[in-house]
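Please look over the structure below together with the briefing that follows. The points are grouped by topic for a reader who meets this structure for the first time.

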Amino acid sequence: MLGQRSFTCPIFLLVVCIDKPSLVDTKVRIDPRRNDLKVPIPVPMASPTPDPGPHIVEDSPRHVVAAVGSPAIVPCKTRSIGSKSVSWIRHRDLHVLTVGSFTFTNDARFSAHREQSTGDWVLVLRNPEPSDSGLYECSISTKPVTAITVKLQVVVPSVELLGGGAVYLDRGSTLNLTCMVHFSPTPPDFILWYHRDKLVNYGQPGRSINVKTDHFDDTTRSSLLVENATSWDSGLYSCKPSNAKRVSIKVHVLTSETPAAMQTTTSGCQLVRMTSALVSLLISLSLSLFSPFLPSPRLL
C-alpha cells in the first residue's frame, strides 16, 4: 500500500526483585492461618536497672570478733549514699558515737572513716576492752532510716610457752622455744623475746638466732631458735605479745663431754628421775633377797 509505514515499538519488561526485609533484633511469629507468612514482632528494649538508692548490702558483717590490745575494726558496707550521712550508735546507752567522720563522744578511742576503695563506713575502736562488747548500729539518714545491727565481741588472748616450767638440753644442741597466743583474731602487733630480762639480741657475731612467726585462725605461733647452745644460753626466757601477758620458762644447758642434739622438758626429766629410783629399788630388793646366801665377812 502506498504511503504505509511500519513502526517497530520496543517493549521493555521491567523486572523488579524485591528481597525479603532483613529483620534485626526481632522475633518471628507464624500466622496459624498461613504457614508461609511470617510476621515480625519487634523486641522491646530492656529498661535500665533502677538505682536502689542509699542502702547497705546484704553481706555486710553482723558479727565482729576483736582482741584486747588490737584495734577493733567494724565495717558497714554502705552503697550509693550520695549526700546522706552514716552514723554509728552504741545500743547499750543509745549514744551516737559518730556521724560521718565526726566523733560525738568523749571517748577518744572511737573514730569512723570511709574506705575509698569499697565505700564502706568503718567504725574503729582502739584498745578495746571486754566491757566494749555489745551491739552497735550502722544507719543511713534515709526516710525511713536504713540500718543494721552489728555484734562486737572483744576477747582476751591467752599465751603459753610450750615445754612446761623448764627445758633441758645438751651443750651444742639447738634451743627451740615456742610461744602460742590463743584467741587472737588478728595477729599481735609484735611478740618480744627476752633472755634474763633483756631483749634477745638477734645480731650477735658468730651466733645463729632466729625467730619464726605464723598466724592461723585465731592463733599466733612464735618460735625462737638458738643454734649451738652454750652454758651462757641458760637462764630465764620470756615471751611478751603486744596483746597478752608475759610468760616465762627456765632453760638449762647441760655441759657434757659428748654434746647431743637433744632437748627435753620438765616431764622428760621427771621420767629420768623415776627410772633411776626404780633401778635403785630393784637393787635394794635383790640385796635383801640374796643376802642370806652370801658368805659372812671374816674378821681380821
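V181 stands opposite T220 in strand β20, and seven bridges join β16 to β20, the two strands running antiparallel. Strands here are DSSP runs (E, at least two residues; helices are H or I, at least four), numbered from the N terminus, and two strands are said to pair if DSSP finds at least two bridges between them. This is a predicted model, in which local features need pLDDT of at least 70 and side-chain atom pairs count only at pLDDT 80 or more, while totals for chains, interfaces and linings use all residues. Residues are numbered from 1 along each chain as its sequence is written, and side-chain values use heavy atoms, with hydrogens and water left out.

**Strand β16 and its partners**

- On the β14 side, strand β14 (residues 158-161) pairs with β16 in the antiparallel sense over four bridges, and there V159 stands opposite V181 of β16.
- Six of the eight residues of β16 are buried, so this strand is largely enclosed by the rest of the structure; buried means under 20% relative accessible area, exposed means over 50%, and partly exposed lies in between (1.4 Å probe, protein chains only).

**Disulfides**

- The structure holds two disulfides, a disulfide being a pair of cysteine sulfur atoms within 2.5 Å, and with bonded cysteines counted along the chain they follow the pattern 1-2, 3-4.
- C76 and C138 form a disulfide with their sulfur atoms 2.0 Å apart, and because C76 lies in strand β5 (residues 72-76) and C138 in strand β12 (residues 134-140), the pair ties together parts that are 62 residues apart in sequence.
- With a torsion of about -85° about the S-S bond of C76 and C138, this disulfide is left-handed, and at 0% relative accessibility C76 counts as buried, as does C138 at 0%.

**A six-stranded sheet**

- An open sheet of six strands has the order β4-β13-β12-β7-β8-β9, with mixed pairing, and its edge strands, each of which pairs on one side only, are β4 (63-67) and β9 (102-103).
- Strand β4 is joined by five bridges to strand β13 (residues 146-155), the two running parallel, and the bridge partner of A66 in β13 is V154.

**Nonpolar cores**

- The largest nonpolar core has 23 residues, and those with the most contacts inside it are V74, W88, L123, Y136, C138 and L152; a nonpolar core is a set of buried Ala, Val, Leu, Ile, Met, Phe, Trp, Tyr and Cys residues joined through side-chain atoms within 4.5 Å.
- At least two residues of this core are supplied by each of β4, β5, β7 (86-90), β10 (110-114), β11 (121-125), β12 and β13, and β13 gives the most, with four residues.
- Apart from this core lies another, of 22 residues, among them L161, L177, I191 and A229.
- Not counting residues up to four places away in sequence, L123 touches A72, I73, V74, W88, L97, T98, F110, S111 and Y136, where contact means heavy atoms within 4.5 Å.

**Backbone features in loops**

- Most residues other than glycine have a negative phi, and most peptide bonds are trans.
- The peptide bond from K143 to P144 is cis, with omega near 0°, and P144 has its place in the loop between β12 and β13.
- R196, although not a glycine, has a positive phi of about 55°; R196 lies in the loop between β17 (191-195) and β18 (198-199) and is partly exposed, with a relative accessible area of 40%.
- N228 is likewise not a glycine and has a positive phi of about 50°; N228 lies in the loop between β20 (219-226) and β21, and at 49% relative accessibility N228 counts as partly exposed.
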